[in-house]
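Let us take a walk through a protein chain together.

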Amino acid sequence: MTGPSADEPQDIPPRPPLPAPRHGDQLHAQWQAKKAEIGTQVSHARDQLDQANERIKERTGRDLVVAILIGLLIGGALLASLVFVKWAFVIFAVAAALLAIGELVLALRTGGRRADLWPQLVVGAALVTAGYFADPWLCWVMLFVAVFVVVVWRLVGQMAARDGRTYGDVLTDAVSAGFIQIYIPFLAATALMLLREERGEWWVLSFIIVVVVADTAAYASGLLFGRGGRHPMAPRVSPKKTWEGFAGAVAGSLLAGALLGVFLLGLPWWAGLIIGAALVASATLGDLAESMLKRDLGIKDMSSWLPGHGGLLDRLDSILPSAVVALALFHLLSPLAVS
């Protein structure tokens, strides 16, 4: 018996049918495809953000993303100290003032001035604390005492050094010593004078928000409309500040002042506009004054320890002088508040 030839068809067993895809497998495949699509979109958005951040950093010298994160962190701590425990802001203010004093002392030394760190810190802490716990007249007494102590300390230190420093330089050092106490501890104490008033925490919070909004709006408006420094505001003091940026600061501060005045301070809307206008003026002058000081010392930032911002004093330059204006506005406008 012979087997089948090669030309004859052979019986091939049929293949079993492929199993139908399960519903769970289909969902898994769809999820993987969607996940890959989302990953692609996120990566594209991140690349665009990085490119935009690099362009902004090239123009301004600031890392925008890091600056925003640091700003949110500081803002959260400040908000918590004002809203939840009123006196906790005193700790916040003293710590900020001491750090700012340290920055300014080191900056003055970099510029060739002679400044004493520890006397400035000790009397500065006492002056700031007096703003909340002492009567206003005693704060003025503390200011004169603080200036007297640091000036005499500097003069005695120079007498002990006997290094032939010129009379003009010694006088400049003494004036700088007194200026530190007026510029940082006393202005910080003014903010605490406002804090101790009835509902003072809301006034402190409001004036800080208005100043921050003005600074942010000026930054954004300057980037959008002031490219290339079209209309510089003070080219010899701060070449990057433009009138376009100032216009944005005015618009932002007026809007913030009106909203905060009505919804947080219980004032008429027009009183909020007065707050916004006064604070944008003080904030701008404070910013320009610090820029003038840095130009005189030959430095770009007061320090570099605060990523994306420079130094702490570079952020307080608008807030410190605005504290005096805010205190005056409180006494002028608070009688208008709706109880």
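Accessible areas here are worked out by the Shrake-Rupley method with a 1.4 Å probe, and for residues only the protein chains shown count as cover. By that method, the accessible surface of the protein chain is about 19,600 Å², and 69% of this belongs to carbon and sulfur atoms. Please keep in mind that this is a predicted model: local features need pLDDT of at least 70, side-chain atom pairs count only at pLDDT 80 or more, and totals for chains, interfaces and linings use all residues. Residues are numbered from 1 along each chain as its sequence is written, and side-chain values use heavy atoms, with hydrogens and water left out.

Let us begin with the overall plan. Helices (H or I, at least four residues) and strands (E, at least two) are DSSP runs, numbered from the N terminus. The protein chain has eleven helices and two strands, and from the N terminus on its elements follow the order α-α-α-α-α-α-α-β-β-α-α-α-α. The two strands, S1 (residues 232–234) and S2 (residues 238–242), pair in the antiparallel sense over two bridges; to count as paired, two strands need at least two bridges found by DSSP. Three residues form the hairpin that joins S1 to S2, and Pro 232 has Thr 242 in S2 as its bridge partner.

The unreviewed UniProt entry annotates "transmembrane region" at several stretches, including residues 117–134 and 140–156. UniProt positions are given in the numbering used here, feature names are shortened, and annotations may be inferred rather than shown by experiment. In the model, residues 117–134 are 94% helix and 0% strand, with end C-alpha atoms 25 Å apart. Residues 140–156 are 100% helix and 0% strand, and their end C-alpha atoms lie 24 Å apart.

Now for the inside. A residue is called buried under 20% relative accessible area, exposed over 50%, and partly exposed in between (1.4 Å probe, protein chains only). Of the 339 residues in the protein chain, 40% are buried. A nonpolar core is a set of buried Ala, Val, Leu, Ile, Met, Phe, Trp, Tyr and Cys residues joined through side-chain atoms within 4.5 Å. The largest such core has 68 residues, and among those with the most contacts inside it are Phe 207 and Leu 313. Contact means heavy atoms within 4.5 Å. Leaving out residues up to four places away in sequence, Phe 207 touches Leu 194, Leu 279, Ile 319, Ser 322, Ala 323 and Ala 326.

Why is Trp 270 counted as partly exposed? Because its relative accessibility is 41%. Glu 290 is also in helix H9, but it is buried because its relative accessible area is 1%. Beyond its neighbours within four places in sequence, Glu 290 is in contact with residues including Tyr 183, Leu 313 and Asp 314. Lys 294, another H9 residue, has 9% relative accessibility and so counts as buried. Its side chain makes a polar contact with the side chain of Asp 314 (3.0 Å). A polar contact is a pair of N or O atoms within 3.5 Å; within protein, one must be able to donate a hydrogen and the other to accept it, and residues adjacent in sequence count only if both atoms are side-chain atoms.
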